[in-house]
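Please keep the sequence and the model in view while reading.

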Amino acid sequence: MKSPDQHAPSARQTNRRSLLLAAGGALLLGATGLPFAARAASQHQNFLPDLPYALDALDPVLSANTLGYHYGKHHKAYADNTAKLIAGTPQEGQSLAQLIAASAGKADQVALFNNAAQTWNHSFYWQSLRPRGGGEPPAELRQRLEAAFGSTANFKKEFASAATTQFGSGWAWLVADGDRLKIIKTGNADTPLTAGLKPLLAIDVWEHAYYLDYQNRRADYVNAVLDKLINWEFALRNLG
């Protein structure tokens, strides 16, 4: 079994970083066609998209209770904090991708990076899931997965391993590194965008993503998402 690739980005990846960060919003908007509806009647910039499904649409894998807290409390807090941090500054009006690019790796911008990146990561995660998801991927995506991992089943095992072995809070990702597909994991708010990689799918393994439904059984949550909720069509659109 192949191990998730966690090496530092190559020079070629670094050269692509700006392009991918600039295109980051398109992964969430253009790839799916879902509008980012304004939700809060406030003077602050709105970074919180509507969920692409009802709160109870992922039952029984993820309950409405979990989505209510995860989206309505955690994700909303990241989005609101991002808006507050840039209010009245020259960064006001910038996109999440621009804010991530500007704050990544800067000691005086840690709060902005954490909140902007977590807002982006969560928005991407919601679209990585769909009601009645899972099953077999579309033929084009299946061929790419087989070329990279040997089989769809082996990809799912490696993806599950990355998600379950991420120490502490973080994320597991299927990404494209040029023409190559690979699996990586990131801690806390880190995102593949800053490593010059193109995200295709994500699984959130912060405890708030699953604890109300699965307690400490992270592996059960991850396998249930892969078997019943993963949105192969979203990955294929991002790949294209």
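Are Trp-171 and Trp-173 buried or exposed? In this predicted model, Trp-171 is buried, and Trp-173 is buried as well. Their rings also form an aromatic pair of the tilted kind, with 5.9 Å from centre to centre and 35° between the planes. The surroundings of these two residues are taken up below, after an outline of the chain.

## Overall architecture

The chain contains ten helices and three strands, and along the sequence these follow the pattern α-α-α-α-α-α-α-β-β-β-α-α-α. Of the 240 residues in the chain, 49% are buried. Among contacts between residues at least 6 apart in sequence, 71% join residues at least 24 apart.

The three strands make an open sheet in the order 2-1-3, with antiparallel pairing. Strand 2 and strand 3 are the edge strands, each of them pairing on one side only, and the twist from one strand to the next averages 20°. Helix 6 (residues 139-149) packs on this sheet, where it touches strand 1 and strand 2, and its direction makes about 75° with that of strand 2.

Strand 1 (residues 170-177) runs antiparallel to strand 3 and is joined to it by six bridges, while eight bridges join strand 1 to strand 2, again in an antiparallel arrangement.

| Residue | Bridge partner | Strand of the partner |
|---|---|---|
| Trp-171 | Asp-204 | strand 3 |
| Val-175 | Lys-182 | strand 2 |
| Asp-177 | Arg-180 | strand 2 |

Strand 1 and strand 2 form a hairpin with two residues between them, and Gly-178 in the turn has a positive phi of about 65°.

## Aromatic pairs

A pair of aromatic rings is described by the distance of the centres and the angle of the planes. The structure holds twelve such pairs. One of them is formed by Phe-155 and Trp-232, whose ring centres lie 6.0 Å apart and whose planes stand at 55°, so this pair counts as tilted. The pair links distant parts of the chain, since Phe-155 belongs to helix 7 (residues 152-165) and Trp-232 to helix 10 (residues 232-239), 77 residues apart. Both Phe-155 and Trp-232 are buried.

## Packing of helix 7 on helix 9

Helix 7 also packs with helix 9 (residues 218-228), at an angle of about 145° and with the axes 10 Å apart, and the crossing of the two helices is right-handed. From helix 7 the contact takes in Lys-156, Phe-159, Ala-160, Ala-163 and Thr-164, which meet Arg-218, Ala-219, Val-222, Asn-223, Leu-226 and Asp-227 of helix 9. By class, this contact has six nonpolar, two polar and three charged residues.

## Loops and backbone details

Between helix 9 and helix 10 lies a loop that contains Asn-231. With a relative accessibility of 8%, below the 20% limit for a buried residue, Asn-231 counts as buried. Apart from neighbours within four places in sequence, Asn-231 is in contact with Gln-127, Ser-128, Leu-129, Arg-130 and Leu-201.

A cis peptide bond, with omega at about 0°, joins Asp-59 and Pro-60, and Pro-60 is placed in the loop between helix 2 (24-28) and helix 3 (64-86).

Positive phi values also occur in residues other than glycine. For Asn-188, phi is near 55°; this residue lies in the loop between strand 2 and strand 3 and is partly exposed, with a relative accessible area of 47%. For Gln-215, phi is near 50°; Gln-215 is found in the loop between helix 8 (211-214) and helix 9, where it is partly exposed with a relative accessible area of 36%.

Notes: Residues numbered from 1 in each chain as written. Predicted model: local features only at pLDDT ≥ 70, side-chain atom pairs only at ≥ 80, totals over all residues. Heavy atoms only, no water. Pairing = 2+ DSSP bridges. Helix = DSSP H or I, 4+ residues; strand = E, 2+ residues; numbered from the N terminus. Phe/Tyr/Trp six-rings, centres within 6.5 Å; stacked < 30°, edge-to-face > 60°. Buried < 20%, exposed > 50% of the residue type's maximum accessible area, 1.4 Å probe, protein only. Axes fitted to C-alpha atoms, helices over the stretch in contact; angles between N-to-C directions. Left-handed = near helix turned anticlockwise from the far one by under 90°. Contact = heavy atoms within 4.5 Å. Nonpolar A, V, L, I, M, F, W, Y, C, P; charged D, E, K, R; others polar.
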